[in-house]
Amino acid sequence: MQAWRVHRNGEPSEVMRLEETDRPTPGDGQVLLKVLAANINFPDALLCRGQYQVRPPLPFTPGVEICGETQDGRRVLATPALPDGGLAEYVVADEAALLPAPDALDDAEAAALHVGYQTGWFGLHRRAHLQAGETLLVHAAAGGVGSAAVQLGKAAGARVVGVVGGPEKAKTAHELGCDLVIDRRSDDIVAAVKEFTGGHGADVVYDPVGGDAYARSVKCIAFEGRVIVVGFASGVIPTPALNHALVKNYSVLGLHWGLYNTKDPAAVRACHRELTTLAAQGVIKPLISERVALDGAAAAVQRVADGTSTGRIVVLPGGAR
């Protein structure tokens, strides 16, 4: 089969190589899956760079989530076991962790429903307890992680403020349903949030960026506000001033969704049922900006790494679907 392999760490476009390799062999409790669609995530770029919290042995195949087909023809969502990730024609995955692909979504959309939307749901509901009528501030609102949070925030009845970089991404954020869109390149985030909320501030902040995004967020956070720390796409890990959190009476909440797979797998399955229902109702629908063939995966991972993509880029090993 064909699979993308990384033999040394570096930029995705430089270190990913498409190679012929043997199909992975399932171990105890695992199943072999044909990859129908593999969604590209920012962690795939970090894996290539050797900067992710998990560092698989070299060589490895990136790709942390897929929509796949079992040998008996079922469409499922899976997080393949590294070092044999999803940017390949076949993967193995733990059978107990497989989730049924929603009928309302095609292969590419289904592949993009899993990690990003689970992260958004757990962040907004389990960690921050977002309430209808509250103001949700989402950084990188036109990206894969941010667009999921925007849709989930609107589904929860929140007023959603989306922060983006540039006019094209601003247009995408408006189309996603943001009540206010802020272009961080030209607008004052703090002033815009305070004006929009009448001085109240953002009740919940969803931050997959870190760096300056975090710094500006805590300047416009509401009384009893909650900042959800999802990731550090900017490359800068903030150092929270705890005295500031004390004086302004807000909370900083970390979210590592992957831990729920081992600590509370029943909650992951319950969340998937909720997401499947929302997808069936048309309330959420992954934003797929590009569907690329397997041979275009390295360039696609690089676009995600560079922050030039909107929504999700999905790799389709068997052709467009």
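**Labels and their grounds**

Tutor: Let us start with helix 4 (residues 115–127), where V115, G116, Y117, Q118, T119, G120, F122, G123 and L124 are buried. Helices here are DSSP runs of H or I with at least four residues, strands are runs of E with at least two, and both are numbered from the N terminus. This is a predicted model, in which local features need pLDDT of at least 70 and side-chain atom pairs count only at pLDDT 80 or more, while totals for chains, interfaces and linings use all residues. Residues are numbered from 1 along each chain as its sequence is written, and side-chain values use heavy atoms, with hydrogens and water left out.

Student: Why does T310 count as buried?

Tutor: Buried means under 20% relative accessible area, exposed means over 50%, and partly exposed lies in between, with a 1.4 Å probe and protein chains only. T310 has 12% relative accessibility, so it counts as buried. T310 lies in the loop between helix 12 (297–306) and strand 15 (312–316), and, leaving aside residues up to four places away in sequence, T310 touches A142, K169, T172 and S289, where contact means heavy atoms within 4.5 Å.

Student: What makes strand 9 largely enclosed by the rest of the structure?

Tutor: Of the 6 residues of strand 9 (residues 159–164), 5 are buried, and therefore the strand is largely enclosed.

Student: How do you know that strand 8 and strand 9 pair?

Tutor: Two strands pair if DSSP finds at least two bridges between them; strand 8 (residues 135–139) and strand 9 have 5 bridges, in the parallel sense, and V138 stands opposite G162 in strand 9. Strand 9 is also joined to strand 10 (residues 180–183) by 4 bridges, again in parallel, with V164 and D183 as bridge partners.

Student: What is the hand of the β-α-β crossover from strand 9 through helix 6 to strand 10?

Tutor: The crossover through helix 6 (residues 167–176) is right-handed, a term that applies if, with the strands pointing away from the viewer, the path from the first strand over the helix to the second runs clockwise. Strand 8, helix 5 (residues 144–155) and strand 9 likewise make a right-handed β-α-β unit.

Student: Why is C220 too far from the closest cysteine sulfur for a bond?

Tutor: A disulfide is a pair of cysteine sulfur atoms within 2.5 Å, whereas the sulfur of C220 is 15 Å from the closest one, in C178, and therefore too far. For C271, the closest cysteine sulfur, in C67, is 17 Å away, which is also too far for a bond. By this rule the count comes to 0 disulfides.
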